[in-house]
Amino acid sequence: MKKEKSRRSFLKNISVVTFSAIAATGCNMASIDEFLQQNFRILSKKEKNNIVKSLEAKYKEKYGKEFHVSDKPAIEGTQFGYALDLSRCVGCRRCVYACIKENNQSRDPQIHWIQVLQMEKERGIDFAHADVHYNPEKVPEKGHFYIPVACQQCRNPQCITVCPVKATWQEPDGIVVVDYNWCIGCRYCMAACPYGARHFNWGEPNVPGEEINTEMHYLGNRPRMKGVVEKCTFCIQRVREGKYPSCVEICPVGARKFGNLLDPESEIRYILENKRVLVLKEELNTQPKFYYFFGV
Amino acid sequence: MAFSALDKNDCSKPDKKFDMNFFRFLKGSIKIILKGNKAYYIWLAFLLLLVLWGGYGYFGQLRFGLIKSHMRDSVSWAFYIGNFTFLVGVAAAAIMLVIPAYVYNWKPIKEIVIFGELLAVCAVIMCISFIVVDIGNPLRFWHMLPIVGTMNFPSSMLSWDFFVLMTYLLLNSVVVTYLLYCVFYKKEYNKKFVLPLVLFSIPLAVGIHTVTAFLYNALPARVFWNSALLAPRFLASAFCSGPAILLILFQILRKTTKFEIKDEAIWRIAELMVYAMFIYLFFTLAELFKEFYSGTEHILYWKYLLFGIGENREIVVYSWASIIMGFIAFMLFLIPKTRKNFVTLNIGAVFIYASVYVEKGIALIIPGFTPDVLGQIYVYTPSLTEIRTAVMIFSLGFLLFTFLSKIAIAIIFDHYNIDSLRGKS
């Protein structure tokens, strides 16, 4: 009996010590919940709902605004595809900055989901001689053309194969997403991606409160944390609501096309049917759903 | 005697007074660790200083993130994973040395197994430490475990690597603890129990390094690694660096303890290392021939490694340092006169160790990422934080190995056993 009592008080002491230790390190119940949160894919609808609600509250507290965090699943009968007209693109990088704003990418340290490569016309598509840091007064520069590259939303994505924790996967509508709360930050996916489409939060990401986009998706543009990987999601928060990705909307020359590959009437299907398209690094068998074509 | 009723040929059966004795063993071992001559204390103080200096650097990384490293999106893996790869080689080679010890019937085979396994255990612990410091969210490490997390097995080579390394760590810990335990209790070890485990640890040693090579090999996006020769080259280079440590360790043990190993056995190890170096050289030349003669765009990465591209030559000094040290070691080991001279032999051992370290730490990883997949060049060299963190892990590893070896030496050579404990208490 006495022994039992002492054991109980021992356990009690232990828990007191543990909790005060947790309190001392600045943790609270919410962060413990967050720490213990399971992979998004195996959560129930109710659990997802609770998480989304608590995220909205958390962001409101941090930024002093109303947020809407969606966990809307893929719409049945959709398979998103993208096409980019190389003969139109002028390399203005408006898409890069629209993407940053829409998707709450960190400003400092800087993260860009879209990289625009300047290439020499004489060499054709040649990565070894491409330049992302071109900076002339005016684009396009003589003798050059431009290839914007972001996630190619592969049908056979190697980033997913290599992830040791299944923190990244392909949604039924073909979008490759990351669960930022599950990613351990090993960066194997970055080594595996042939398009440099994955980006890592090397430091604490930083988005100014007045510029933050409050319309969010759990698997998309919600604020990320230090030490996780992020990538283009075709603006999942927009396209699942029937809108275009923001890079498509901003493009001043109309080089960017987007649509449902399963819809025979869609613009993307028109392009596949009537223009000749190519994909980048087809020899790697990644089978992108991001096509390049020459419209004129 | 408490265990007199037990079968004398088997010490795997539990002792009634086990708890008590285990406590005594711990106390005795701590005493052994703390006792030593002046050189020993200087060594410990040196290591502790390095741990503190390195630990403070790592603390900065924990606070601010991996931004404290020089890794960026272009070069997203670098020095840490290079160290990891090197140490997997050390861990693997430490056990593979059991094969020649067995084949040539070197006398102290049990001791070679014990010290090899201790080295392997320490090296694997250091490997795992390097992975932990390399990931962005070390607290989420449990996501990788089966059942509680969602391990991507068998798809991801990283989960394979984690799995084989854990098995290897467990296996070697069990064998070495058991062997020492038996010596400590003055009992014969159960051969039926040990032999299959030792035999299994040999292919597993090949396995951990092969799987680690496949980690890189599995990425078609990185043509620098996408060569079938990568895994064989890994094994060959590991057979150069791992035995180099044991070579020096055996000489130290021979001088300071009753450990006996003949000169012939040491020279034989050196001879085997020459074969390994030759094979490594041959594989590398084959790789270089294919790349440079065919001259496709894949040549870029080798060019960056050996000559630099344009103004970007920061990495060239590493690659040539590795090549030159490796070549000197090869010559020293190849010529019988210098192989059998212990001064030149040890210089060779240090050189080959350093050569493989630089090769795995920098020359293997960085050209895989430079130029990056979009053809851009980001010049990477390790940051001070990365060097300090690596120093911390290496010092902790050496500290652990020093302690474990000291206890093992006491048990095997200095009559530290159950009777001596009882005598004292």
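In this model, 37 residues of chain B are in contact with 40 residues of chain A, contact meaning that C-beta atoms placed from the backbone lie within 7 Å. Helix α6 (residues 157–184) of chain B gives the largest share of the side of chain B that touches chain A, three residues. The model is predicted: local features need pLDDT of at least 70, side-chain atom pairs count only at pLDDT 80 or more, and totals for chains, interfaces and linings use all residues. Residues are numbered from 1 along each chain as its sequence is written, with chains lettered from A and ligands numbered from 1 in the order in which they are written.

| Set | Residues by class |

Within chain B, the axes of helix α8 (residues 230–256) and helix α9 (residues 263–294) come within 8 Å and cross at roughly 155°. α8(B) and α9(B) are therefore roughly antiparallel (angles over 145 degrees).

In chain A, Gln153(A) sits in the loop between β4 (144–149) and α5 (158–162). Gln153(A) is buried because 26 other C-beta atoms lie within 10 Å (the cut-off is 20 or more). Leaving out residues up to four places away in sequence, Gln153(A) touches Gly174(A), Ile175(A), Val176(A), Phe234(A), Pro288(A), Lys289(A) and Phe290(A).

Terms used:
Axes fitted to C-alpha atoms, helices over the stretch in contact; angles between N-to-C directions. Helix = DSSP H or I, 4+ residues; strand = E, 2+ residues; numbered from the N terminus. Parallel < 35°, antiparallel > 145°, perpendicular 65-115°, else oblique. Contact = placed C-beta atoms within 7 Å. Buried ≥ 20, exposed ≤ 12 C-beta atoms within 10 Å, placed from the backbone.
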